[in-house]
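Hello,

Here is the structure I promised to pass on. Have a look at it first, and then read on for what turned up.

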Amino acid sequence: MPEQLVTPALLAPDPRLAGLRRVAVVPAYNEAESIAAVVREVKGFDPEFEVVVVDDGSTDATARLAVEAGARVVRLPFNLGIGGAVQTGYQYARDHDFDLAVQVDGDGQHDPRQIPLLFEPILDGRADMVVGTRFAGEGSYRPPLGRRIGIGIFARVVSFVVGQRVTDTTSGFRACNRKAVSLFAADYPHDYPEVEGTILVFKHRLRLVEVPVGMRSRAGGRSSINSVRSVYYMVKVLLAIFIGLFRRKPTPLEER
Amino acid sequence: MTPTIVSVVGSIGAVLLLVVVFELIRSRRLQERYALLWLLTGVVLLVLAAWRSGLNTIAGWVGIETYPPAVLFAVASFFILVVLLHYSTVISKLSDQNKILAQKLALLEHRLEEAEASRP
């Protein structure tokens, strides 16, 4: 299924990428089973990529395996949760002056060969952030019922709030240009950060484009989301979105 | 029966609590994760204060026949205890993390000093 989505034209290095420094941010919490493969796959796909693994307080060999596979590893002193880990990656990208950042999960469900699909709208100058969605287009991904309901509710609520159709607010496969990187480095939500992050992007008047991608089932490890927690997070994120409606709109940096 | 004035004052108090919590979240002085319990407290107290026959029924269940508003106090105290207990766990976690940060920082500073001293 992922194979169909990658056209041969996209596999050739895009000439527009020349001179653009690019980084792959990989948040990982106890992903020893899959992290080395993820790092090698990204490096193998495009050796010019710097891969930075943010080890979110793992208790297994995640950090060591990531270093051995050729990644830069930033080790957090304790588990911050996915939001804190991802934000650390964006801070790294900002501090080291990268032009393009792509966020890839540490569990192997994202296929690096699809990264060009994510970069395309940014290189075209159409987007500041691109989200790889499992739903827009031909993707045949069908998550379990509970999660599908959750994803559906978030998609509706977020689409309503931002006034643009958004199909997959929980996807962690996304690319950012400098503007989006510096926004996320400065301000990034906690749990299910992708949902609130999507709204944040719109509030700062950055442009978001979704592109259909295929995703694989997890290569190893367990999803960090279980059902009781999901309901709790869901209530929390919906509350955050609701209260966010009453916050003053931030002024974009360039208009200050 | 619950005196009307008790219901009115109770409702106003609960609404005030909800408004204050809402404003604290909005101005980013309170994170959602620490606000959920407060919001639940406010909603439950508001329902009990405003829904007079409900309060009487619940008072009947727990054997309070003379003065139903006592249920309001009991529920409020219960929630305050739960919030306090929750904050105790939060503080414990924070102090653990604070210790780890201090240790990491001290070790890093030491390594940095050694590295600087050994440089020609």
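A word on terms before we start: helices here are DSSP runs of H or I with at least four residues, numbered from the N terminus. Please also keep in mind that this is a predicted model.

Let me begin with chain B. Its helix H1(B) covers residues 4–26, and its 23 residues reach 33 Å from the first C-alpha to the last, close to the 33 Å expected. Within the helix, Gly10(B), Ala14(B), Val21(B) and Ile25(B) are buried. What do the buried residues of H1(B) pack against? Their partners are H2 (32–50) and H4 (70–118) of chain B, along with H10 (227–244) of chain A.

Where the two chains meet, nine residues of chain A contact ten of chain B. On the chain A side, seven of these residues are nonpolar and two are charged, with no polar ones.

Now to chain A, which has ten helices and seven strands. Of its 256 residues, 44% are buried. An open sheet of seven strands runs in the order S3-S2-S1-S4-S6-S5-S7, with mixed pairing. S3 (72–75) and S7 (208–212) of chain A are at the edges with a single partner strand each, so one side of each has no neighbour in the sheet. Inside the sheet, S5 (129–133) and S6 (174–176) of chain A pair antiparallel over three bridges, and Met129(A) sits opposite Cys176(A). Helix H3 (35–45) of chain A lies across S1 (22–28) and S2 (50–55), at about 160 degrees to S2(A).

How values were computed: Residues are numbered from 1 along each chain as its sequence is written. Chains are lettered from A and ligands numbered from 1 in the order in which they are written. This is a predicted model: local features need pLDDT of at least 70, side-chain atom pairs count only at pLDDT 80 or more; totals for chains, interfaces and linings use all residues. Two residues are in contact if their C-beta atoms, placed from the backbone, lie within 7 Å. Ala, Val, Leu, Ile, Met, Phe, Trp, Tyr, Cys and Pro count as nonpolar, Asp, Glu, Lys and Arg as charged, and the others, Gly among them, as polar. Helices (H or I, at least four residues) and strands (E, at least two) are DSSP runs, numbered from the N terminus. A residue is buried if 20 or more other C-beta atoms lie within 10 Å of its own, exposed if 12 or fewer, and partly exposed in between; C-beta atoms are placed from the backbone. The expected span of a helix is 1.5 Å times one less than its number of residues. Two strands pair if DSSP finds at least two bridges between them. Axes are lines fitted to C-alpha atoms, for helices over the stretch in contact, and angles run from 0 to 180 degrees between N-to-C directions.
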